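Hello,

Here is the structure we talked about handing over. My notes follow below it.

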Amino acid sequence: MTGRGVTLPWRPAQSPEARVIGAVILKGKRVLIAGMSDRRSIGYSIAQEAQREGAEILLTSFGRMMSITQMTAKKLDPVPEILEMDVTKPDDIAHAVKETEKRWDRLDGLVHSVAFAPADALGGQFLNTPWESVATALQVSAFSFKEMARGFLPLMREHGGSMVTLDFDNSTSAWPKYDWMGVSKAALESVTRYLARDLGRYKIRVNAVCAGPLATLAASGIPGFKDFEEVWEKRAPLGWSLQDKSPVGRAVAVLLSDHLDMTTGELLHVDGGYHAMGTELPPAE
Ligand SMILES: NC(=O)c1ccc[n+]([C@@H]2O[C@H](COP(=O)([O-])OP(=O)(O)OC[C@H]3O[C@@H](n4cnc5c(N)ncnc54)[C@H](O)[C@@H]3O)[C@@H](O)[C@H]2O)c1
């Protein structure tokens, strides 16, 4: 189904083959990606696209997720190393910085693809969520971007670079069930702007990709997530697939590249155009 009410199989706007061959936009870049779990993960698509575009990558994971990240990393070529980093632990961040420094003399790109909210911070119980759960959601999903940026700054400040985080299309709207994750994403957008303000002097760009809904492990914890599919079908002029994360991976790769060297503090929508529509799309003529 497309957004125009015509039943057609969903297809990407452009096939990978149709892209410019030979234009490897991240050649020589060293990129650290935090938040790849299984193959459904947006982080996996970012890792794939970054490697395809010539970047060397390092991943981070933490705790029980580590074994899943290790399994998933085996599907990447070359298989990247994975550092332990719980973004709520300053010592973990400091350790990951040291380990990165041992491998690389500089970092060109930092990707924050991390979010978490306790169950009682999602699901329509907005009025009843206790501060402890709100604090966890905000810390993991928004404050941690600042913590990572501060930690890795010494590896980026001499040469400049690009930091990218993952946002959902929501800070200007309230969504069913999204609750304190929605508030956390609004905070993340603001963190993005303040980091852009403070890191621009080092020629470090800080941007967010506002992705449409995608079927991932994190999304499976959001009650009623499947309902987004229908909503997007009715509004996104380019159509949208919950399964295809590659448009997001490619957009992150472009933001990591030198092509957008005067873009910072930006929220780049990769959502099939959903955000720009005032109402559902009219039926096709
Ligand atoms: N799935 C969607 O519909 C969608 C849409 C827009 C934006 N996003 C955002 O994309 C990002 C990636 O999410 P995803 O959907 O790929 O799910 P995911 O579950 O694959 O990724 C979330 C990652 O966050 C990590 N994480 C959670 N707590 C952490 C902590 N304390 N320390 C370190 N890492 C921690 C998890 O280990 C996991 O790898 C998130 O910021 C999410 O909000 C998702």
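The side chains of Arg 30 and Asp 105 are joined by a polar contact of 3.2 Å. A polar contact here is a pair of N or O atoms within 3.5 Å; within protein, one must be able to donate a hydrogen and the other to accept it, and residues adjacent in sequence count only if both atoms are side-chain atoms. Arg 30 is located in strand β1, residues 30-34. Helices (H or I, at least four residues) and strands (E, at least two) are DSSP runs, numbered from the N terminus. Arg 30 counts as buried because its relative accessibility is 19%; buried means under 20% relative accessible area, exposed over 50%, and partly exposed in between (1.4 Å probe, protein chains only).

Before the rest, some notes on the source. This is a predicted model, in which local features need pLDDT of at least 70 and side-chain atom pairs count only at pLDDT 80 or more, while totals for chains, interfaces and linings use all residues. Residues are numbered from 1 along each chain as its sequence is written, and side-chain values use heavy atoms, with hydrogens and water left out.

Now the ligand. There are 29 residues around it, and Ser 37, Ser 41, Lys 185, Leu 214 and Thr 216 come nearest; a residue is near a molecule if one of its heavy atoms lies within 4 Å of it. By type, the shell holds 19 nonpolar, seven polar and three charged residues. In this division Ala, Val, Leu, Ile, Met, Phe, Trp, Tyr, Cys and Pro count as nonpolar, Asp, Glu, Lys and Arg as charged, and the others, Gly among them, as polar.

- a ligand oxygen atom and a polar backbone atom of Ile 42, 2.8 Å apart;
- a ligand nitrogen atom and a backbone N or O atom of Val 87, 2.9 Å apart;
- a ligand oxygen atom and a side-chain N or O atom of Lys 185, 2.8 Å apart.

On its own the ligand has 810 Å² of accessible area, and the protein covers 93% of that (Shrake-Rupley method, 1.4 Å probe).

Ser 37, one of the nearest residues, is in the loop between β1 and α1 (42-52). At 11% relative accessibility, Ser 37 counts as buried. Its C-alpha atom is 9.7 Å from that of Phe 62, 25 residues apart along the chain.

Next, the backbone. Most residues other than glycine have a negative phi, and most peptide bonds are trans. The peptide bond from Asp 77 to Pro 78 is cis, with omega near 0°, and Pro 78 is in the loop between α2 (65-73) and β3 (82-84). Lys 177, not a glycine, has a positive phi of about 70°. Lys 177 sits in the loop between β5 and α5 (179-199) and counts as partly exposed, at 34% relative accessibility. Asp 179 also has a positive phi, near 45°. Asp 179 belongs to helix α5 and is buried, with a relative accessible area of 10%.

Last, Ala 284 is in the segment after β7 (267-270). Ala 284 counts as partly exposed because its relative accessibility is 39%. Between the C-alpha atoms of Ala 284 and Ser 184, 100 residues apart along the chain, the separation is 37 Å.

Regards
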